[in-house]
Amino acid sequence: HTAAEVLPAGAFVFSPWTDLAATGASVTGNEGKDVWLSRRHIEEWGRHYVGKSNVADPGISPLHADLTGFPRLLLIVGDQEVLLDDTLRVEAKARDAGVDVEVCVGRGMQHDFPLTLPWLEESREAWETVAAFLDRCTSSGNRTSSVSAPLSNDSSPMKPTVQIGVLGRCRPSPRSGPAIGQ
């Protein structure tokens with residue numbers, strides 16, 4: 001992003017691929033648990049996407065980007081995904097940059113589990129979480145904001161990290177306070 005760009009009030013992302021170098025521990029640790037994605041997929045597709053560019057370029061791997069001034073973020077990922085650490089590391093980086101960020105981790109879920117709507121209860125809950133997040137973003141009075149302006153009028157503390165439970169209930173992660181929607 002640049003100072004001249006107008007950014008949305010918020011953004012949500014399912015299973016973000018933020019490190020095209022595939023250095024997260026979950027790329028190996030969740031190999032075989034994630035039936036949709038593997039290290040081989042990431043390395044092959046990454047080569048096609050990156051070409052001769054540097055995988056550490058912030059425009060290619062958002063994990064290396066300066067996230068200062070970014071809008072509110074909602075990141076949704078499964079705990080069995082090879083991209084789990086991509087999400088958790090970009091969450092930490094966003095928080096360090098002062099970004100209001102929420103992460104929902106679906107217990108027992110794999111890559112892009114929200115896209116299984118309407119079959120999985122966890123998928124339905126993920127979309128309910130997205131809808132509530134977007135309501136919060138648009139009700140703050142700022143539908144868009146520029147990087148140099150405050151991102152919202154909301155001075156409340158950052159939202160908690162939550163897990164989408166096996167039974168479809170949002171539960172707090174060990175790092176957070178109350179779950180979204182409580």
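View 1. Helix H4, which spans residues 121–139 and has 19 residues, reaches 27 Å from its first C-alpha to its last, close to the 27 Å expected at 1.5 Å a residue (the expected span being 1.5 Å times one less than the number of residues; helices are DSSP runs of H or I with at least four residues, strands are runs of E with at least two, and both are numbered from the N terminus). The model is predicted, so local features need pLDDT of at least 70 and side-chain atom pairs count only at pLDDT 80 or more, whereas totals for chains, interfaces and linings use all residues. Residues are numbered from 1 along each chain as its sequence is written, and side-chain values use heavy atoms, with hydrogens and water left out. In H4, the residues Glu-122, Ser-123, Glu-125, Ala-126, Thr-129, Val-130, Phe-133 and Cys-137 are buried (buried means under 20% relative accessible area, exposed over 50%, and partly exposed in between, with a 1.4 Å probe and protein chains only). Glu-128, Asp-135 and Ser-139 are exposed residues on the face of H4 turned away from its buried side.

**View 2. Aromatic rings around Phe-12.** The model contains three aromatic pairs, where rings of Phe, Tyr and Trp (its six-membered ring) pair if their centres lie within 6.5 Å, and planes under 30 degrees apart count as stacked, over 60 as edge-to-face and the rest as tilted. Among them, Phe-12 and Phe-14 form a tilted pair, at 5.6 Å centre to centre and with 55° between the planes. Phe-12 and Trp-127 form an edge-to-face pair, at 6.1 Å centre to centre and with 75° between the planes. Because Phe-12 lies in strand S2 (residues 10–14) and Trp-127 in helix H4, this pair ties together parts that are 115 residues apart in sequence. Ring pairs thus link Phe-12, Phe-14 and Trp-127 into a cluster, in which Phe-14 is buried at 15% relative accessibility, while Phe-12 is partly exposed at 31% and Trp-127 is partly exposed at 30%.

**View 3. Two buried cysteines, Cys-104 and Cys-137.** The structure holds zero disulfides, a disulfide being a pair of cysteine sulfur atoms within 2.5 Å. Cys-104 is buried with a relative accessible area of 0%, and Cys-137, one of the buried residues of H4, has a relative accessible area of 3%.
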